[in-house]
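Student: I've got a new model open on my screen and I'd like to get my bearings. Can we walk through it together?

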Amino acid sequence: MNGKEPAFVIVTGMSGAGRSTAAKALEDLGWFVIDNLPPGLLFAMAEEAGRVKLAADKVAAVVDVRSLAFTTDLNAAIEELDGRGVAVRVVFLEASDEELVRRFENVRRPHPLQGEGRLVDGIARERGILREVRANADLVIDTSNLNVHELRGKIVAFFGGEDRPGLRVNVVSFGYKYGLPVDADLVVDCRFLPNPHWVPELRPMNGLDTPVREYVLNQPGAKELLDAYDEVVGIIAAGYTREGKGYATLAVGCTGGKHRSVAMAEQIGGRLRDRGGMEVQVSHRDVGRE
């Protein structure tokens, strides 16, 4: 993004993954947002926004998959916008199949693509249609473990500032036994460090507690990993900035996501803040999950 907000944002992704929440968050930030816009009308919307002199960096459209020609239409619309000099960025929201099933069952609504089949059939069909869109998206947000307030917080963090640093980094700790964060750009494995879980007095604590943090950081290899990763992330962050990538998620994992990954994620986040030139948030996905 070269430190600037995009001229035109397309919000899309899986049905039930939070597109409406993202749209409302953008509206609250002063963006002009139109929901459920067919891909073929994207250029007309951009043209109208320019005609009425809307802020060029605060226009967004929410596009869903109900058009059978969705991928072709969306790609064609993006190419047309790009050819007319409009910078387009795509935000893709997704969630796990299990979480999407739970959400649809809670609201007792069918999936828009399930037809006469099962809910899981509609989800699978939509995921297949959206595969290429997700692969080419500028930002992917996994909402599986986010409530509406947390998703709104992410949107505000990504789009809410006028003078934010060029690269926005989310450092998230996680437990491998609960699965990798699907939106991770880089993954650090801390399972080679001794596990505080096997120290009786440390087991009930987590990596935010001083005794656990000191235990983890004093283990052989911990400081070396932090030093090496600090250098690697500096190189990658500079490359992301050159390529116009505005967001990055660094996932730090251990077995349960409670001790080692939490302590190391906090240290990595602190080092990145000290480095400067980027906005850093640290979160802990699986603390309290056991």
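Student: What percentage of the 290 residues in the protein chain is buried?
Tutor: Keep in mind that this is a predicted model. A residue counts as buried when its relative accessible area is under 20%. Out of the 290 residues in the protein chain, the buried share is 46%.

Student: How many helices and strands am I looking at?
Tutor: Both kinds of element are there in the protein chain. The tally is 9 helices and 9 strands.

Student: Let's zoom in on H3 and H5. Are they roughly parallel or roughly antiparallel?
Tutor: H3 covers residues 70-83 and H5 covers residues 119-136. Their axes come within 9 Å and cross at roughly 20°. Angles under 35 degrees count as roughly parallel, so H3 relative to H5 is roughly parallel.

Student: Is the crossing left-handed or right-handed?
Tutor: Here we're asking which way H3 is turned as it passes H5. The crossing is right-handed.

Student: Which residues of H5 make the contact with H3?
Tutor: On the H3 side, the contact uses Phe-70, Thr-71, Leu-74 and Asn-75. By class, the contact has 5 nonpolar, 2 polar and 1 charged residues. The H5 side brings in Ile-129, Leu-130, Glu-132 and Val-133.

Student: Now over to H8. Is Leu-226 buried or exposed?
Tutor: Leu-226 is found in helix H8. Its relative accessible area is 4%, and the cut-off for buried is under 20%. Therefore Leu-226 is buried.

Student: What about Asp-227: how far is its C-alpha atom from that of Ile-268?
Tutor: Asp-227 also lies in helix H8, residues 222-242. With a relative accessible area of 31%, Asp-227 is partly exposed. Asp-227 and Ile-268 are 41 residues apart along the chain, and their C-alpha atoms are separated by 9.3 Å.

Notes: Residues are numbered from 1 along each chain as its sequence is written. This is a predicted model: local features need pLDDT of at least 70, side-chain atom pairs count only at pLDDT 80 or more; totals for chains, interfaces and linings use all residues. Side-chain values use heavy atoms; hydrogens and water are left out. Helices (H or I, at least four residues) and strands (E, at least two) are DSSP runs, numbered from the N terminus. Buried means under 20% relative accessible area, exposed over 50%, partly exposed in between (1.4 Å probe, protein chains only). Axes are lines fitted to C-alpha atoms, for helices over the stretch in contact, and angles run from 0 to 180 degrees between N-to-C directions. Angles under 35 degrees count as roughly parallel, over 145 as roughly antiparallel, 65 to 115 as roughly perpendicular and the rest as oblique. A crossing is left-handed if the near helix is turned anticlockwise from the far one by less than a right angle, and right-handed if clockwise. Contact means heavy atoms within 4.5 Å. Ala, Val, Leu, Ile, Met, Phe, Trp, Tyr, Cys and Pro count as nonpolar, Asp, Glu, Lys and Arg as charged, and the others, Gly among them, as polar.
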